[in-house]
Amino acid sequence: MKIARFSTEGEDPRYGILDERALVVLAGDPMYQGFETTGERVPLADAKLLAPVIPRSKVIGVGLNYAEHVSEMEEHTADDPVVFLKPNTSVIGPEDPIRLPADIGRVDHEGELAIVIGSLAKNVAKEDFASVILGYTIANDVTARDLQARDGQWARAKGFDTFCPLGPVIETEIDPSDIRIETRVDGDLRQAASTNEMVHDIPTLIEFISSIWTLLPGDVILTGTPAGVGAIRDGEVVEVTISGIGSLRNPVIARH
(Lines give C-alpha, C1' and ligand atoms only; values in the text may rest on other atoms or scores of the structure.)
Protein backbone atom coordinates (compact mmCIF):
# COMPACT_ATOMS: atom_id res chain seq x y z
CA MET A 1 0.00 0.00 0.00
CA LYS A 2 1.36 3.40 -1.01
CA ILE A 3 0.56 6.25 1.38
CA ALA A 4 0.94 9.83 0.18
CA ARG A 5 0.77 13.19 1.91
CA PHE A 6 -0.67 15.77 -0.45
CA SER A 7 -2.33 19.13 -0.83
CA THR A 8 -4.90 20.56 -3.19
CA GLU A 9 -5.59 24.22 -3.87
CA GLY A 10 -6.89 25.97 -0.79
CA GLU A 11 -6.72 22.88 1.43
CA ASP A 12 -4.43 21.87 4.28
CA PRO A 13 -2.22 18.79 3.75
CA ARG A 14 -4.04 15.45 3.87
CA TYR A 15 -3.13 11.78 3.54
CA GLY A 16 -4.33 9.29 0.96
CA ILE A 17 -3.79 5.80 -0.39
CA LEU A 18 -2.46 5.88 -3.93
CA ASP A 19 -4.84 3.90 -6.14
CA GLU A 20 -3.82 3.93 -9.79
CA ARG A 21 -4.50 7.55 -10.81
CA ALA A 22 -6.27 8.77 -7.68
CA LEU A 23 -5.74 9.24 -3.96
CA VAL A 24 -8.26 7.62 -1.62
CA VAL A 25 -8.40 10.18 1.18
CA LEU A 26 -7.67 9.01 4.72
CA ALA A 27 -9.51 10.31 7.77
CA GLY A 28 -6.26 11.44 9.40
CA ASP A 29 -2.57 10.81 9.88
CA PRO A 30 -2.14 7.04 9.38
CA MET A 31 0.53 6.89 12.08
CA TYR A 32 -2.05 7.83 14.68
CA GLN A 33 -5.45 7.17 13.11
CA GLY A 34 -4.86 4.10 10.96
CA PHE A 35 -6.13 3.65 7.43
CA GLU A 36 -9.77 4.64 7.75
CA THR A 37 -10.91 6.30 4.53
CA THR A 38 -13.43 9.12 4.04
CA GLY A 39 -14.82 7.89 0.73
CA GLU A 40 -13.40 10.88 -1.14
CA ARG A 41 -11.13 10.34 -4.12
CA VAL A 42 -8.78 13.03 -5.41
CA PRO A 43 -7.39 12.64 -8.93
CA LEU A 44 -3.61 12.46 -8.80
CA ALA A 45 -3.45 15.17 -11.45
CA ASP A 46 -5.20 17.58 -9.02
CA ALA A 47 -2.88 16.89 -6.08
CA LYS A 48 0.59 18.12 -5.18
CA LEU A 49 2.55 15.38 -3.47
CA LEU A 50 4.39 16.57 -0.38
CA ALA A 51 7.10 14.99 1.73
CA PRO A 52 5.22 11.89 2.96
CA VAL A 53 6.31 12.57 6.54
CA ILE A 54 7.71 15.53 8.44
CA PRO A 55 9.61 13.93 11.33
CA ARG A 56 8.40 15.32 14.63
CA SER A 57 11.67 14.36 16.29
CA LYS A 58 14.59 13.47 14.02
CA VAL A 59 16.06 12.21 10.78
CA ILE A 60 18.83 9.70 11.42
CA GLY A 61 21.43 9.13 8.74
CA VAL A 62 23.67 6.10 8.31
CA GLY A 63 27.04 6.69 6.73
CA LEU A 64 29.39 4.36 4.88
CA ASN A 65 26.90 1.49 4.63
CA TYR A 66 27.80 0.21 1.15
CA ALA A 67 31.28 -1.24 0.69
CA GLU A 68 31.94 0.34 -2.72
CA HIS A 69 30.92 3.75 -1.40
CA VAL A 70 33.33 3.28 1.51
CA SER A 71 36.09 2.67 -1.05
CA GLU A 72 35.23 5.68 -3.22
CA MET A 73 35.31 7.91 -0.13
CA GLU A 74 38.68 6.41 0.89
CA GLU A 75 37.24 5.49 4.27
CA HIS A 76 37.05 2.22 6.18
CA THR A 77 34.14 0.30 7.65
CA ALA A 78 33.63 0.11 11.40
CA ASP A 79 32.15 -2.66 13.48
CA ASP A 80 29.22 -0.41 14.40
CA PRO A 81 27.11 1.63 11.98
CA VAL A 82 28.15 5.27 11.56
CA VAL A 83 25.14 7.42 12.45
CA PHE A 84 24.36 11.13 12.41
CA LEU A 85 21.35 13.45 12.66
CA LYS A 86 19.72 15.78 10.14
CA PRO A 87 17.18 18.39 11.32
CA ASN A 88 13.57 18.06 10.23
CA THR A 89 13.89 21.53 8.66
CA SER A 90 16.06 19.91 5.96
CA VAL A 91 13.07 17.87 4.68
CA ILE A 92 11.39 18.74 1.38
CA GLY A 93 9.07 16.80 -0.90
CA PRO A 94 8.90 15.71 -4.54
CA GLU A 95 9.59 18.45 -7.10
CA ASP A 96 10.65 20.89 -4.37
CA PRO A 97 13.98 22.54 -5.20
CA ILE A 98 17.24 21.62 -3.53
CA ARG A 99 18.72 25.05 -2.82
CA LEU A 100 22.50 25.27 -2.87
CA PRO A 101 23.84 27.80 -0.35
CA ALA A 102 26.42 30.21 -1.73
CA ASP A 103 30.13 29.69 -1.21
CA ILE A 104 30.10 26.20 0.32
CA GLY A 105 31.86 24.33 -2.49
CA ARG A 106 30.83 20.96 -3.85
CA VAL A 107 27.39 19.55 -3.02
CA ASP A 108 26.64 15.87 -3.73
CA HIS A 109 23.56 13.73 -4.25
CA GLU A 110 23.19 10.54 -2.18
CA GLY A 111 20.20 8.39 -3.16
CA GLU A 112 18.99 6.14 -0.33
CA LEU A 113 16.23 3.90 0.96
CA ALA A 114 14.55 5.49 3.98
CA ILE A 115 12.69 3.82 6.85
CA VAL A 116 9.64 5.53 8.36
CA ILE A 117 9.12 4.57 11.99
CA GLY A 118 5.52 3.83 12.95
CA SER A 119 5.60 3.33 16.71
CA LEU A 120 7.52 4.19 19.85
CA ALA A 121 10.65 2.06 19.81
CA LYS A 122 13.52 1.51 22.25
CA ASN A 123 16.00 -1.36 22.42
CA VAL A 124 14.34 -3.26 19.59
CA ALA A 125 15.73 -6.75 18.94
CA LYS A 126 16.71 -7.59 15.37
CA GLU A 127 13.95 -10.16 15.05
CA ASP A 128 11.35 -7.55 15.97
CA PHE A 129 12.51 -4.82 13.61
CA ALA A 130 9.46 -4.95 11.33
CA SER A 131 7.04 -4.32 14.19
CA VAL A 132 8.18 -0.69 14.59
CA ILE A 133 8.25 0.25 10.89
CA LEU A 134 5.35 1.94 9.12
CA GLY A 135 6.96 1.64 5.71
CA TYR A 136 9.70 2.78 3.38
CA THR A 137 10.27 5.81 1.19
CA ILE A 138 13.02 7.36 -0.93
CA ALA A 139 15.57 9.89 0.31
CA ASN A 140 18.35 12.03 -1.07
CA ASP A 141 20.91 12.72 1.66
CA VAL A 142 22.26 15.90 0.06
CA THR A 143 25.74 16.67 1.38
CA ALA A 144 28.05 19.68 1.21
CA ARG A 145 31.15 17.59 0.63
CA ASP A 146 33.80 20.27 1.15
CA LEU A 147 32.23 21.31 4.44
CA GLN A 148 32.05 17.70 5.56
CA ALA A 149 35.81 17.37 5.12
CA ARG A 150 36.56 20.80 6.59
CA ASP A 151 34.40 20.47 9.71
CA GLY A 152 35.45 16.94 10.63
CA GLN A 153 31.84 16.15 11.56
CA TRP A 154 28.73 16.08 9.43
CA ALA A 155 26.02 18.21 11.06
CA ARG A 156 26.50 21.36 8.99
CA ALA A 157 27.33 19.56 5.74
CA LYS A 158 24.15 17.50 5.82
CA GLY A 159 21.82 19.81 7.72
CA PHE A 160 21.08 22.74 5.42
CA ASP A 161 17.47 23.54 4.60
CA THR A 162 16.31 21.41 1.59
CA PHE A 163 19.10 18.85 2.08
CA CYS A 164 16.71 15.96 2.80
CA PRO A 165 14.23 15.34 -0.03
CA LEU A 166 11.76 12.55 0.84
CA GLY A 167 9.01 10.87 -1.17
CA PRO A 168 6.98 10.43 -3.19
CA VAL A 169 5.09 7.90 -1.01
CA ILE A 170 5.49 5.55 1.94
CA GLU A 171 5.25 1.93 0.78
CA THR A 172 3.96 -0.25 3.62
CA GLU A 173 4.20 -3.63 1.90
CA ILE A 174 7.67 -4.23 0.54
CA ASP A 175 10.59 -6.51 1.39
CA PRO A 176 13.51 -4.08 1.73
CA SER A 177 16.24 -6.73 1.75
CA ASP A 178 16.91 -6.78 -2.01
CA ILE A 179 15.52 -3.82 -3.94
CA ARG A 180 17.27 -1.70 -6.53
CA ILE A 181 18.32 1.92 -6.02
CA GLU A 182 19.20 4.17 -8.95
CA THR A 183 20.13 7.86 -8.99
CA ARG A 184 20.14 9.95 -12.16
CA VAL A 185 21.18 13.54 -12.74
CA ASP A 186 19.63 15.08 -15.86
CA GLY A 187 18.87 11.51 -16.96
CA ASP A 188 22.45 10.23 -16.61
CA LEU A 189 22.79 7.19 -14.33
CA ARG A 190 25.08 7.98 -11.40
CA GLN A 191 24.25 5.32 -8.79
CA ALA A 192 22.93 1.76 -9.18
CA ALA A 193 22.91 -0.91 -6.47
CA SER A 194 20.73 -3.24 -4.44
CA THR A 195 19.95 -2.97 -0.76
CA ASN A 196 21.40 -6.48 -0.38
CA GLU A 197 24.81 -4.80 -0.63
CA MET A 198 24.40 -2.96 2.69
CA VAL A 199 27.20 -3.51 5.20
CA HIS A 200 24.66 -3.33 8.05
CA ASP A 201 21.20 -4.60 7.14
CA ILE A 202 17.94 -3.02 8.28
CA PRO A 203 17.33 -5.29 11.30
CA THR A 204 20.85 -4.44 12.51
CA LEU A 205 20.28 -0.71 11.99
CA ILE A 206 17.00 -0.73 13.92
CA GLU A 207 18.54 -2.65 16.82
CA PHE A 208 21.61 -0.40 16.94
CA ILE A 209 19.88 2.95 16.52
CA SER A 210 17.09 2.16 18.99
CA SER A 211 19.74 1.33 21.57
CA ILE A 212 20.96 4.96 21.31
CA TRP A 213 17.81 7.00 20.75
CA THR A 214 14.17 6.37 21.48
CA LEU A 215 12.50 6.29 18.08
CA LEU A 216 9.19 8.12 17.76
CA PRO A 217 6.41 7.72 15.20
CA GLY A 218 7.41 9.66 12.11
CA ASP A 219 11.15 9.45 12.69
CA VAL A 220 13.05 8.64 9.51
CA ILE A 221 16.20 6.56 9.11
CA LEU A 222 18.29 7.00 5.96
CA THR A 223 19.99 3.65 5.39
CA GLY A 224 23.09 4.77 3.49
CA THR A 225 24.04 5.47 -0.08
CA PRO A 226 25.71 3.25 -2.71
CA ALA A 227 28.80 4.16 -4.70
CA GLY A 228 28.55 6.80 -7.41
CA VAL A 229 27.90 9.94 -5.38
CA GLY A 230 28.64 13.08 -7.33
CA ALA A 231 28.22 16.82 -7.55
CA ILE A 232 24.93 18.51 -8.36
CA ARG A 233 24.74 21.98 -9.88
CA ASP A 234 22.35 24.82 -10.50
CA GLY A 235 19.77 23.91 -13.14
CA GLU A 236 20.15 20.13 -12.89
CA VAL A 237 17.45 17.65 -11.87
CA VAL A 238 18.15 14.75 -9.51
CA GLU A 239 15.93 11.67 -9.64
CA VAL A 240 16.24 8.74 -7.21
CA THR A 241 14.28 5.60 -8.11
CA ILE A 242 13.70 2.57 -5.89
CA SER A 243 11.90 -0.45 -7.28
CA GLY A 244 8.52 -0.98 -5.68
CA ILE A 245 8.32 2.57 -4.30
CA GLY A 246 8.69 5.00 -7.21
CA SER A 247 10.84 7.99 -8.09
CA LEU A 248 11.80 11.10 -6.14
CA ARG A 249 12.59 14.04 -8.41
CA ASN A 250 14.02 17.41 -7.35
CA PRO A 251 15.44 20.33 -9.32
CA VAL A 252 18.61 22.05 -8.10
CA ILE A 253 18.72 25.81 -7.66
CA ALA A 254 21.65 27.95 -6.54
CA ARG A 255 21.11 30.71 -3.98
CA HIS A 256 22.68 33.92 -5.15
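The following legends describe close-up views of a predicted model.

Local features are reported for residues with pLDDT of at least 70 and side-chain atom pairs only at pLDDT 80 or more, whereas totals for chains, interfaces and linings use all residues. Residues are numbered from 1 along each chain as its sequence is written, and side-chain values use heavy atoms, with hydrogens and water left out.

View A. Helix H4 covers residues 155-159 and includes lysine 158; helices are DSSP runs of H or I with at least four residues, strands are runs of E with at least two, and both are numbered from the N terminus. Because its relative accessibility is 2%, lysine 158 counts as buried (buried: under 20% relative accessible area; exposed: over 50%; partly exposed in between; 1.4 Å probe, protein chains only). The side chains of lysine 158 and glutamate 110 are joined by a polar contact of 3.5 Å. A polar contact is a pair of N or O atoms within 3.5 Å; within protein, one must be able to donate a hydrogen and the other to accept it, and residues adjacent in sequence count only if both atoms are side-chain atoms. Leaving aside residues up to four places away in sequence, lysine 158 touches Phe84, Lys86, Glu110, Asp141, Val142, Thr143, Gln148 and Phe163 (contact: heavy atoms within 4.5 Å).

View B. Five of the five residues of strand S3 (residues 22-26) are buried. Ala22, Val24 and Leu26 lie on one side and Leu23 and Val25 on the other, and both faces are covered. In a regular strand, side chains alternate between the two faces of the sheet. Strand S2 (residues 14-19) pairs with S3 in the antiparallel sense over four bridges, where pairing requires that DSSP finds at least two bridges between two strands. Aspartate 19 has alanine 22 in S3 as its bridge partner. Two residues separate S2 from S3 in a hairpin, and glutamate 20 in the turn has a positive phi of about 55°. S3 also runs antiparallel to strand S4 (residues 37-43), joined by four bridges; here alanine 22 has proline 43 as its bridge partner.

**View C. The open five-stranded sheet.** The strand order is S9-S20-S19-S15-S16, with mixed pairing. Strand S9 (98-100) and strand S16 (188-194) are the edge strands, each pairing on one side only. Within this sheet, neighbouring strands are turned by 20° against each other on average, direction ignored (axes are lines fitted to C-alpha atoms, for helices over the stretch in contact, and angles run from 0 to 180 degrees between N-to-C directions). Six bridges link strand S19 (residues 237-242) with strand S20 (residues 246-254) in the antiparallel sense. Asparagine 250 in S20 stands opposite valine 238.
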